[in-house]
Amino acid sequence: MTLSLPLAVRRGLVFAWLLFLLLGALVLGLAFGAVALPPEAVVRALLGLEENPIVTELRLPRVLGGMLVGGALAVSGAAFQGLFRNPLADPYLMGSASGAAFAVTLFAVLLGGLSPAFAQHAVFQHLPFSATFFGFLGALLATLLTLVLAGGVARTGELVLAGVVVGSVLTGLTTYLMMQDADRVRAVFAYTLGNLAFVGWAGVRALALALLLALPPLFLLGRVLNALQLGEETAKSLGLPLEGLKLLLLGAASLLTASAVAQAGIIGFVGLVVPHMLRRLLGEDYRLLLPASALGGGALLALADLLARTLARPAELPVGVVTTLLGGPFFLYLMWRRRGRA
Amino acid sequence: MKRLLAALSLLLALAFAFPLTLQDDLGRTVTLKAPPKRIVTMLPSVTETVCALGACDRIVATDDYSDWPESVKKLPKAGGLYNPNPELIVSLKPDLVLVSKYGRLYETLERAGLTVYAVRTETYEDIFRTVRTLGRLLGLEAQAERLVAQIQKEVYQEEARAAKAKSRPRVYYEIDPTPYTVGPESFIGVLIQKARGVNIVPKELGLFPKIAPEFVVEKDPEVIVATYPNALETIRKRPGWDRVRAVRAGRICVYTGGEDSLLSRPGPRVAQGLRLLVDCFHGRP
């Protein structure tokens, strides 16, 4: 339908549509939840006319936190895909999310001497930013390890394979640490399937800080990612200090992954699906793709969390189950299309 | 003379009782040729029941989590539900292994030629059913009846104490900070009811639902019970929970370090768990 429109108009429409989705996710996310609240009560609470902690302390930070986590995952997914010139790269497949999760868990164990699954939650609730920093190191190291094992970014198959191996090993170690407290297997699974239940204002602040640090360099480097798509040699011939810029990209994307994992556990597929959907609408231009992914990822995760907390209300589903059920079939579709083309 | 008769009747009873064939809680047919003398128990509540029947000295190994009575702590530990150690179990040459109905440990042990009985201990009624079953398996049926009566008497005492209380507080029970809670039809849910508390969780949500935090804030419980380390700080620092009545009034009861087992194990010490809840809901006498 939009194909016949001029490019600029089409792109403008995509962004307008994303903003509309994000706004819709915000409104729906505030309007619905485990407790049925009349719309005017929600509005009055937001305007400060009426005290209602369910709206101001629980729902609003949770919806905003979900958007920031989703945005962070989608942008880092898009950046990984551009950086590695590989459409299957995402924080989940590259081992980066697992690295962050392992580091955060290790941090919790070292910090507390408590049983890991609980220290985990204490970390989320009390020390959001220090956990993010530790997770950042974990994400960065895991990604570098994946790159070393794959012998660079050139071979798609090896890259994905190495990422899966690193991710599985680290997830195994995380699970091992947590299983020391085997009585509480539920808490372990809740973490590895993602949980936004207790994202409060402290978590929103930590996420916002990470995004403020990581997004400007990423958005500015969209041009570099575009150049990289033409191959390293071409990018170098444009006179770019490529190695430094690649490290900067990697660092910024790892920071985003880590901040998301530290607040919400491991949430799969957002980083893979969102950039792909948008690539089909916007083309391979990372100057547009990165900001669009931030908006799209935010909207998608906020809506997925809305489903997670309302489908079985007042019980909750793990949000990672919802994103995986949405993302899994999409992933298969992607593979099927690639095969069809080859 | 009386003693002799008693001893004789016991021998007769044993002679008729064994070989004994029973259906276990998986529906498997299990045959015991004689009362078992070397038992491995792979469930903490079953270990407690065997000991409460006075047969603690017949246990040769337990799972990792069995820690009551004190004497079982010294026994070899054969792993847990997720990481059992069948080689250790087989090497001890037990004549009966009591396992959970969950997991497939029984298959391995059966192939090794051991006698395995799978037990389900989940509900309040399971406590008494399991005591009687174990009584038959161990040839201790009279002791089993006495133990059932003893547990029921202790539970009744606590229930009577709770019944005198004027209030029936709204209760939120948290088993881990994800947060997972308990439904009214779970074992703990039944104890909450017996202690005259009102669980805020509706029964439609099942036995162990993951609950939405805003639901708890909306229901505004008067008492919160939690059974994991650091629960007090964790709950107090949650966004928006400072308005919850139980948090404002400081009525958060945290049970850890062994006390949580009294509440989570459907076994012979159930009345002690119930006493914790009655104390928490209505105060100590």
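User: In chain B, what share of the contacts with a separation of 6 or more comes from residues 24 or more positions apart?

Analyst: 55% of them. A contact here is a pair of residues whose C-beta atoms, placed from the backbone, lie within 7 Å. This is a predicted model; local features need pLDDT of at least 70 and side-chain atom pairs pLDDT 80 or more, while totals for chains, interfaces and linings use all residues. Residues are numbered from 1 along each chain as its sequence is written, with chains lettered from A and ligands numbered from 1 in the order written.

User: And in chain A, what do residues 24 or more positions apart account for?

Analyst: In chain A they account for 78% of the contacts with a separation of 6 or more.

User: How many helices and strands in chain A?

Analyst: Chain A has 15 helices and 0 strands, whereas chain B has 12 helices and 11 strands. These are DSSP runs numbered from the N terminus: H or I of at least four residues for helices, E of at least two for strands.

User: What part of chain B is buried?

Analyst: Of its 285 residues, 47% are buried. For chain A, with 342 residues, the figure is 54%. Buried takes 20 or more other C-beta atoms within 10 Å of the residue's own, exposed 12 or fewer, partly exposed anything in between.

User: Ok, domains. How is chain B divided?

Analyst: Domain 1 of chain B covers 13–139 and domain 2 covers 161–282, with bounds from an automatic or database domain assignment. Their C-alpha centres are 31 Å apart. Domain 1 of chain B puts 11 residues into the contact, and domain 2 of chain B puts in 9.

User: Which helices supply the domain 1 side in chain B?

Analyst: Helix H2 (44–52) and helix H5 (124–138) of chain B each supply at least two residues of the side that touches domain 2. H2(B) gives the most, with 5 residues.

User: How big a box does chain B fill?

Analyst: Roughly 65 × 45 × 35 Å for the C-alpha atoms, along the principal axes.

User: New topic. Which residues does a cis peptide bond join in chain A?

Analyst: Arg313(A) and Pro314(A), with omega about 5°. Pro314(A) sits in the loop between helix H14 (286–310) and helix H15 (319–341) of chain A. In chain B, a cis bond joins Thr178(B) and Pro179(B), with omega also about 5°. Pro179(B) is in the loop between strand E7 (170–176) and strand E8 (180–181).

User: What about phi at Phe269(A)?

Analyst: Positive, about 75°, although the residue is not a glycine. Most residues other than glycine have a negative phi. Phe269(A) is in the loop between helix H12 (242–264) and helix H13 (270–282) of chain A.

User: Is Phe269(A) buried or exposed, and why?

Analyst: Phe269(A) counts as buried because it has 24 C-beta neighbours inside 10 Å. Arg196(B) has a positive phi too, about 60°. Arg196(B) is in the loop between helix H7 (187–194) and strand E9 (198–199) of chain B, and is buried, with 21 other C-beta atoms within 10 Å.

User: Where does Leu114(B) lie?

Analyst: In the loop between helix H4 (105–111) and strand E6 (116–119) of chain B. Leu114(B) has 19 C-beta neighbours inside 10 Å, so it counts as partly exposed.

User: Which residues is Leu114(B) in contact with, leaving aside neighbours within four places in sequence?

Analyst: Val90(B), Pro94(B), Val97(B) and Leu109(B). Thr49(B) is 65 residues from Leu114(B) in sequence and 21 Å away in space, C-alpha to C-alpha.

Terms used. Contact = placed C-beta atoms within 7 Å.
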